[in-house]
Amino acid sequence: MKRTIRYFLLLVTLAAVLAAFSLSASAVEMKAAIGVVETNGLRLRAKPSTTADVLCAASYGDSVVIIREVDGWYLVDYNLEIGYMSAEYVTYKERENVELGDGRAIESSVNMRSTPSSDGDLLYQLPYGDEAYIIGFNCGWYKVKYNGETGYIRSDLMELTEKPIANSAASSLTSLATQVVDYAMKYLGTPYVWGANGPNSFDCSGYTKYVYKNFGYTLNRTAAQQLNNGNRVDNLQVGDLVFFNNTYASAGAASHVGIYIGNNQFIHAASGGVKITSLSDAYYASRYIGARRII
C-alpha cells in the first residue's frame, strides 16, 4: 500500500514538473516569425479556443512575435502578454524590420553575430541581463543594435522588455465595444436594401454582420440566426445586439436587429437607411425581444 502511494506521489510530481516546463517553454524556444494583425479588435486568448478567456484585444497593424502555430492559432507575445490569436487574422512574416524595443539577454555570454546564423562573425557577448534594442526579425533571430553596431541574436536567448513602439495599447473589451459603435456610425445614412451586405447598402442583419466582421467576429446572416451568436444579456452595454420581432410577416424568432450605442439608443439599417433610434420608440419598444453580447 505504501509503495502504491509513493508511486502515485511520484507520478503527480513528475506531471507537475512537465506542466511547468511546457508553460515556460514559450519563453525560451526559438520564435517562428513576426505577425501583423489584419483586423481591429483581434482577441488575445488564454488558450487556442474561441471560448477561452480573453486577455486583451489588438488593433489593425499591430505587431506580435509568433512563437509557434497550434491548430489554426498562433501562440504569440503581444505587448508582453503571451496568448493565442486566430491565425486567420495574422500575417506571418519570417523576415521583418520592426522596432520591438529593448530585449534582455536571459543567459550569460549571449552571442551577437554579424549575420542571422551561428556561423556569423562574433561581434559581442552580452552578459546576463544586458539589453539590446531590437529592430527586426530574421528566421528565428532578432536583429539588434548594441554598442553602436547592428547584429543578430538568437530569439530564444532574449526576452522582450517593452511593447513595440508602433503598437497600440492592448485595448480593453469596453474600448473595443466603443470602437465597434464608432465604426458603425460611419455608415449613418447608407441606403437600406433588402438582402444587401454592404458597404454601399445594407439590410438590418447584413449591417450588423458587416460591422462586426471588421473586428474579426463572424455573425450569422439573418436576424433570427444572429439570436444564436454571443450570449444572452439583460443589462445592455454598448455594442450589444438588440433584437425585435413582428416588424414584417413570417419573420421567425426575430425579424430585426441593431447595435446598442448607449443612452437607450441603437443604430440599425431600416427603412430610410442606417439611422439611430430610441429603444423607447413606441414601435420598437413593443417589439423588443432581447439582446446578445458579442464582445
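## The main nonpolar core

A nonpolar core is a set of buried Ala, Val, Leu, Ile, Met, Phe, Trp, Tyr and Cys residues joined through side-chain atoms within 4.5 Å. Keep in mind that this is a predicted model. Its largest nonpolar core has 28 residues, and the members that touch the most others are Tyr 207, Tyr 212, Leu 241 and Ile 259. Helix α2 supplies the largest share, with six residues. As background, nonpolar side chains in soluble globular proteins tend to be buried together.

There's also a second, separate core, made of 18 residues. Among them are Ile 34, Leu 100, Leu 126 and Ile 134.

## Helix α3 and Tyr 207

Take a look at α3 next. Seven of its ten residues are buried, so the helix is mostly covered. Those buried residues are Cys 204, Ser 205, Gly 206, Tyr 207, Thr 208, Val 211 and Tyr 212.

What does Tyr 207 contact, once its neighbours within four places in sequence are left aside? Its partners are Ala 184, Met 185, Tyr 187, Phe 202, Ile 267, His 268, Ala 269 and Val 274.

## Two hairpins in a row

Strands β17 and β18 pair in the antiparallel sense over three bridges, and Ile 259 has Ile 267 of β18 as its bridge partner. The two strands form a hairpin with two residues between them. In that turn, Asn 263 has a positive phi of about 55°.

Strand β18 then pairs with β19 (residues 273-278), again running antiparallel, through six bridges. As for cover, five of the six residues in β18 are buried.

## A closer look at Tyr 260

Tyr 260 sits in strand β17. Is Tyr 260 buried or exposed? Its relative accessibility is 10%, and buried means under 20%, so Tyr 260 counts as buried.

Leaving aside neighbours within four places in sequence, Tyr 260 is in contact with Val 181, Leu 236, Gln 237, Val 238, Gly 239, Asp 240, Val 242, Gln 265, Phe 266 and Leu 279. The C-alpha atoms of Tyr 260 and Ala 291 are 8.9 Å apart, although 31 residues separate the two along the chain.

## Salt bridges

How many salt bridges does the structure hold? There are eight. One of them joins Asp 203 and Arg 221, with the closest N and O atoms 3.1 Å apart. This pair links distant parts of the chain: Asp 203 lies in the loop between α2 and α3, while Arg 221 lies in the loop between α3 and α4 (223-226), 18 residues apart. Asp 203 is buried, at 6% relative accessibility, whereas Arg 221 is partly exposed, at 24%.

Asp 156 and Arg 154 form another salt bridge, with 2.9 Å between the closest N and O atoms. Asp 156 counts as buried at 12%, and Arg 154 is partly exposed at 29%. In the salt bridge between Arg 232 and Asp 234, the closest N and O atoms are 3.0 Å apart, and both residues are exposed. Finally, Arg 104, Glu 131 and Glu 159 are linked in a network of salt bridges.

Key
Residues numbered from 1 in each chain as written. Predicted model: local features only at pLDDT ≥ 70, side-chain atom pairs only at ≥ 80, totals over all residues. Heavy atoms only, no water. Buried < 20%, exposed > 50% of the residue type's maximum accessible area, 1.4 Å probe, protein only. Helix = DSSP H or I, 4+ residues; strand = E, 2+ residues; numbered from the N terminus. Contact = heavy atoms within 4.5 Å. Pairing = 2+ DSSP bridges. Salt bridge = Lys/Arg side-chain N within 4 Å of Asp/Glu carboxyl O.
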